[in-house]
Amino acid sequence: RSGTAFALGVLQHLTGLALNVLVFAIVCTKFQHPQSQLVFGDRACIVKRRGVPYLLIRLGNKRCNLIYHPDAKLSLLTPVSTPEGESYVRNEHLEVSMPGVITGIYSIAHRIDDNSPLKPVLDDWEKNSARKNITVTFVGRDGVFHDDLHCIKRYSLSDDVVVDHRFVDATTFDEKTGKPKIDFDKISQVVPLSKPRRSREFAATRAARLAKLHASLDKEPPMEKPGLYLVYGALRRNEENPDQPLEMTCSFSAFASMCLRQAGVPHETILADTHHKPQWYEKRWFKELPESKSATFPAIIRVSDDGTSEFVGDSAAVVDAALGRAAAQA
């Protein structure tokens, strides 16, 4: 009897351990499974890029983590009836190209050329878009949980796709930190395309305005107040368009700006075009750093009370100067 009781006790303990391990594995698997926060825009649009039409579909990743090996498949679905009385849905592949990794918001683009199934539809959109749909499926590898993510969306050509429109910019950059911010509420917002301006007169006028802008930027900006000025590397989204403002893009300048803020050093920021470096900036750079091969960003200019100024170039020297200024103020 004692042997039977001992065997039953051992069996009970082994069964309990097995159940504990099984429950623990189920709980861990449940909580470690990635919760997909992939969203498609409610609308798609057809834009023109240098005269070539493209179908754009927006995909958003609200977790903003990296998704590796993204794969998107687009299909044009068309109801067809044969003379023999058969009805079916014809599935035509729309070719797209995907990068190796995505995050935030990404626009899936299909080029509508002569080989695209959408080309005859676009030629007479009002007539040919009826009863046609586009399906898009997405699969990617989650960079945190190392598991697959997937989602699917269907668009009606006549109701959900707008022609000659573009998506509203959903990404902005913080003026202080230079970090990007994404507004997912704008993922479906579209605006009409601006009319293309290709006349020679306009091109000549824009070139003249751009040359005038560069000439004005070549002059050193006024720095009348004593203090510290950070020269921040920046770019225009279209460097050939003088109407677009400069935006903070230099990561080294962003790091120097962060060091100045963390050290509590008051300063003002001067944006400088990194593709068209101002002549005054290069002149001061090579005066202080004659052995340099090229002028880079950032730099700081310290203006004294008597109006004289000191130029400090190279990002490492800029950070050292900022920390030294903070230590002097302390």
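**View 1. Asp 142 is buried, with a relative accessible area of 0%, and forms a salt bridge with Arg 63.** In this predicted model, the closest N and O atoms of Asp 142 and Arg 63 are 2.8 Å apart. Because Asp 142 belongs to strand S8 while Arg 63 sits in the loop between S3 and S4, the pair ties together parts of the chain that are 79 residues apart in sequence. Arg 63, for its part, is partly exposed, with a relative accessible area of 26%. This pair is one of the ten salt bridges that the structure holds.

**View 2. Arg 141 and Asp 148 meet through their side chains in a salt bridge.** The N to O distance in this pair is 3.2 Å. Arg 141 counts as partly exposed, at 34% relative accessibility, and Asp 148 also counts as partly exposed, at 41%.

**View 3. Glu 220 and Arg 284 are joined by a salt bridge between their side chains.** Here the distance from N to O is 3.0 Å. Glu 220 is found in the loop between helix H5 (200-217) and strand S15 (227-235), and Arg 284 in helix H7 (residues 279-288), so that this pair ties together parts lying 64 residues apart in sequence. Glu 220 is partly exposed, with a relative accessible area of 39%, whereas Arg 284 is buried, with a value of 16%.

**View 4. Asp 169, Arg 237 and Glu 247 are linked with one another in a network of salt bridges.** In general, side chains of opposite charge can pair when their charged atoms come close.

**View 5. The largest nonpolar core of the structure has 28 residues.** The residues with the most contacts inside this core are Phe 40, Leu 55, Ile 57, Ile 108, Leu 118 and Phe 138. Two or more residues of the core come from each of strand S1 (38-40), strand S2 (44-49), strand S3 (52-61), strand S4 (67-81), strand S8 (133-142) and strand S9 (148-156). The largest share, four residues, is given by S4. Apart from this core lies another one, of 15 residues, which includes Met 223, Tyr 229, Phe 297 and Phe 311.

**View 6. Ile 57 is shown with the residues that it contacts beyond its neighbours within four places in sequence.** These partners are Phe 40, Ala 44, Leu 74, Tyr 106, Ser 107, Ile 108, Ile 134, Val 136, Tyr 155 and Phe 167. Among them, Phe 40 and Ile 108 are, like Ile 57 itself, listed with the residues that have the most contacts inside the largest nonpolar core.

Note on methods
Residues are numbered from 1 along each chain as its sequence is written. This is a predicted model: local features need pLDDT of at least 70, side-chain atom pairs count only at pLDDT 80 or more; totals for chains, interfaces and linings use all residues. Side-chain values use heavy atoms; hydrogens and water are left out. A nonpolar core is a set of buried Ala, Val, Leu, Ile, Met, Phe, Trp, Tyr and Cys residues joined through side-chain atoms within 4.5 Å. Buried means under 20% relative accessible area, exposed over 50%, partly exposed in between (1.4 Å probe, protein chains only). Contact means heavy atoms within 4.5 Å. A salt bridge is a side-chain nitrogen of Lys or Arg within 4 Å of a carboxyl oxygen of Asp or Glu.
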